[in-house]
Amino acid sequence: VYENGYVTILKGTWKIRVEKVTNIPLTFSGMAEFNIANALAAVLAAYVQDFKTEDIRQALQTFVPSPGLTPGRMNMFHFRNYSVMIDYAHNTHGLLAIGKFVRSVNASVKVGIIAGVGDRRDEDLTSLGEAAAGIFDEIIIRQDKNLRGRTEQEIIDLLMKGIQTVDADKKVTVIKRESEAIDYAFAHALKDSFIVIISDVVPDALEQVKQYKAKEDGMV
């Protein structure tokens with residue numbers, strides 16, 4: 001269980017404090033609630049397989065969310081004037097979970113690059129738009145490489161319907177290619193902004209952002 005700030009194992013009347021959540025990098029100091037839940041499941045699985053508590057604790061402390069270990073799952077990049085996160089949240093539930101984290105981030109503007117998936121129901125796409133509108137100050141709609149049975153315009157229209165239901169005045173830009181959407185977001189990034197890229201092809205998005213980071217660091 002998650003109790004008093006700790007991942008805790010209850011064994012009869014015993015309570016084993018495994019680790020403080022703020023010391024688990026995957027939880028982003030406890031702000032990523034869904035990764036607290038993931039940690040609970042992982043800890044229990046390890047404990048019932050007789051892993052030592054000390055080894056479980058060390059694993060929690062050293063498993064760092066990163067492009068190398070968790071590609072496409074909350075990959076963070078900090079630039080001089082803004083920060084970027086890449087994630088593969090392709091449904092409303094995933095986006096809402098990410099949204100809880102995004103709301104806790106201190107930023108001047110929160111920008112989301114999103115897309116709809118063609119093989120979902122109309123209401124799934126409109127709800128995705130609604131979720132995005134409740135999370136981001138500005139939205140960039142792009143398209144997946146595989147539209148999965150719908151036209152680009154159908155997907156855009158359903159997302160826009162959801163967005164406008166929440167905020168008719170929300171700033172929305174449509175840029176169909178993911179790489180161009182990322183370029184646009186970076187080119188127009190305001191100071192202290194937070195850009196969330198909900199990516200389709202994670203390796204390509206990661207490489208593109210890494211190139212921006214290397215250029216800023218003077219490595220290219």
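Modeller: Helices here are DSSP runs of H or I with at least four residues, strands are runs of E with at least two, and both are numbered from the N terminus. Angles run from 0 to 180 degrees between N-to-C directions, with axes fitted to C-alpha atoms, for helices over the stretch in contact. Contact means heavy atoms within 4.5 Å.

The model is predicted: local features need pLDDT of at least 70, side-chain atom pairs count only at 80 or more, and totals for chains, interfaces and linings use all residues. Residues are numbered from 1 along each chain as its sequence is written, and side-chain values use heavy atoms, leaving out hydrogens and water.

Pairing requires at least two DSSP bridges between two strands. Strands β2 (residues 6-11) and β3 (residues 14-20) are joined by six bridges. Within that pair, Ile-9 is opposite Ile-16, and Thr-8 is opposite Arg-17. In a regular strand, side chains alternate between the two faces of the sheet. The two strands make a hairpin with two residues between them, where Gly-12 in the turn has a positive phi of about 65 degrees.

Back to α1 (residues 33-48). It also packs with α2 (residues 53-62), at about 150 degrees and with axes 10 Å apart. The two helices are therefore roughly antiparallel. The classes are roughly parallel under 35 degrees, roughly antiparallel over 145, roughly perpendicular from 65 to 115, and oblique for the rest. The crossing of α1 and α2 is right-handed. That word applies if the near helix is turned clockwise from the far one by less than a right angle; anticlockwise is left-handed. From α1, Ala-39, Val-43, Ala-46 and Tyr-47 meet Thr-53, Ile-56 and Leu-60 of α2. This contact of α1 with α2 has six nonpolar residues, one polar and no charged. Nonpolar covers Ala, Val, Leu, Ile, Met, Phe, Trp, Tyr, Cys and Pro; charged covers Asp, Glu, Lys and Arg; the others, Gly among them, are polar.

Next, the open sheet of six strands. Its order is β4-β5-β9-β6-β7-β8, and the pairing is mixed. Edge strands β4 (75-78) and β8 each pair on one side only. Neighbouring strands are turned by 15 degrees on average, direction ignored. Helix α7 (residues 202-216) packs on this sheet, touching β4, β5 and β9, and its direction makes about 20 degrees with that of β4. Strands β5 (residues 82-87) and β9 (residues 193-198) run parallel, joined by six bridges. Ser-83 is opposite Phe-194 there.

Glu-138 is opposite Lys-171 in β8.

Last, α4 (residues 122-135) and α5. Their axes come within 7 Å and cross at roughly 45 degrees. That makes α4 oblique to α5. The crossing of α4 and α5 is right-handed.
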